[in-house]
Each structure stands twice: as structure tokens, then as C-alpha cells.
Amino acid sequence: MDTLETFLGSLAARLPAPGGGASAALHAAQAAALTAMVARYSDGEKYEEHAATVNAVREASDELRERALTLAEDDAAAFGAVSDAYGLPRSTEDEKAARSRAIAAALVEAGRVPAKVVAVAGQVVDLAEQLLPIGNRNVISDVAAAADAARAAATTARVNVEVNLAGITGAGERSELTAAIADVDDIAARADKVTAAVREVIAR
């Protein structure tokens with residue numbers, strides 16, 4: 001993965017990738033990093049009663065962070081494959097047919113990457129929900145930050161699935177990707193509840 005400065009420079013440039021899909025994955029990675037951080041601050045004798053949960057959250061968060069970073073790279077590669085497919089020759093009927101097949105296949109793969117980001121985001125919201133009642137209150141605001149970042153990951157990834165769906169005609173692939181984003185509104189609502197709960201704690 002590039003440094004953050006390099007990534008943002010590429011994101012701002014007039015380049016086909018990285019784009020919104022990689023940004024969604026980075027949101028998810030940040031969300032997972034935040035839950036991992038809260039878990040690490042929720043260690044020790046004071047939190048011994050919840051040690052098993054905290055340890056599980058920490059380990060899952062670290063794994064999800066790495067998965068999300070990989071997906072950011074995968075998204076850029078998938079988008080590059082779409083661009084390459086659109087650039088294939090189309091002078092003859094055979095070339096046109098081959099180009100259409102390549103585009104269709106590339107769009108499916110480009111849709112699958114943000115679909116996986118949605119799944120990661122949902123899992124991070126699960127972790128934030130687990131930490132909310134037991135995490136270190138000194139870093140409780142970071143539970144909300146994690147939830148909000150996961151929410152952004154899910155909703156941004158959904159749009160990136162949908163934009164690829166627009167060009168996919170295969171019924172099986174369309175059903176697969178549509179199902180993968182079906183829970184995004186629920187993920188967003190759960191994330192909002194976590195943030196609202198955190199704000200209530202802070203306001204006391």
C-alpha cells in the first residue's frame with residue numbers, strides 16, 4: 001500500500017484509479033484500526049471481566065484492517081482491468097464480441113471488490129457494537145469514529161457496486177452483487193445507533 005500522502009495524491013489526480021472504491025476500502029481499514037485501538041486501550045485488570053471479548057475484537061480488527069487494505073489495492077487493479085477491456089480493439093465482429101465479453105467479466109470482478117468492502121464494514125460495526133458497553137471510556141469517541149468510518153465504507157462501496165451493476169447483464173452475477181449490498185442500509189443504521197449512543201455518554 002502506498003503512503004497516505006502518495007495515495008491521496010493519486011486519488012486527487014486525473015487518473016482512472018484509485019477512485020471511490022479504494023477510498024471505501026480505506027474507510028473500512030481506518031474503521032478497523034480504530035476498533036483495534038480501543039480494544040488495546042481496554043486491556044488490563046480493570047477490564048478483566050471482558051478480556052475474552054476485547055481480545056477477540058482486537059484480533060478481528062487487525063485482520064479486517066489488513067483485508068481492507070488488500071481490497072483497496074484490489075479495487076485499483078479491478079478498475080484498471082475494466083479500463084483495459086474498454087480499450088480492446090473492435091474493428092471486426094469477432095473483436096467486438098471478445099471486447100464485450102472482456103468488459104462483462106471485468107465489470108463483475110470490479111463489482112465484487114466493493115461488495116467485499118461492504119462485508120468488512122458490517123463486521124467492523126459488529127465490533128464497535130461489542131466495544132460500546134465495555135470499552136475504555138477515555139477513548140469512547142473512537143468507537144463512534146470507527147462506526148462512522150465503517151458507515152462511510154459501506155455506503156461508498158454500495159455506490160461502486162451499483163455503478164458496475166449498470167453494465168452487468170448476467171442474471172447470476174447481478175443477483176450475487178445485489179445480495180451483497182442488501183444490508184447496507186442496516187449497517188448504516190446500526191452505525192448511527194453506535195454514534196448516537198457514544199454522544200449520549202459524552203454528553204453526561
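I started with threonine 155 and looked up its contacts (heavy atoms within 4.5 Å). Leaving out residues up to four places away in sequence, threonine 155 touches Val184 and Ala188. It lies in helix α5; helices here are DSSP runs of H or I, at least four residues, numbered from the N terminus.

Before going on, I noted that this is a predicted model, where local features need pLDDT of at least 70, side-chain atom pairs count only at pLDDT 80 or more, and totals for chains, interfaces and linings use all residues. Residues are numbered from 1 along each chain as its sequence is written, and side-chain values use heavy atoms, with hydrogens and water left out.

Next I checked how far threonine 155 is from valine 117. They are 38 residues apart along the chain, and their C-alpha atoms are separated by 9.9 Å.

Buried means under 20% relative accessible area (1.4 Å probe, protein chains only). This core has 58 residues, and Val117, Val120, Val124, Val143 and Val198 touch the most other members. I saw that α2, α3, α4, α5 and α7 each supply at least two of its residues. Which helix gives the most? That's α4, with 16 residues.

I also looked at valine 120 by itself. Not counting residues up to four places away in sequence, valine 120 touches Ala28, Leu64, Arg67, Ala68 and Leu71.

Note on methods. A nonpolar core is a set of buried Ala, Val, Leu, Ile, Met, Phe, Trp, Tyr and Cys residues joined through side-chain atoms within 4.5 Å. Buried means under 20% relative accessible area, exposed over 50%, partly exposed in between (1.4 Å probe, protein chains only).
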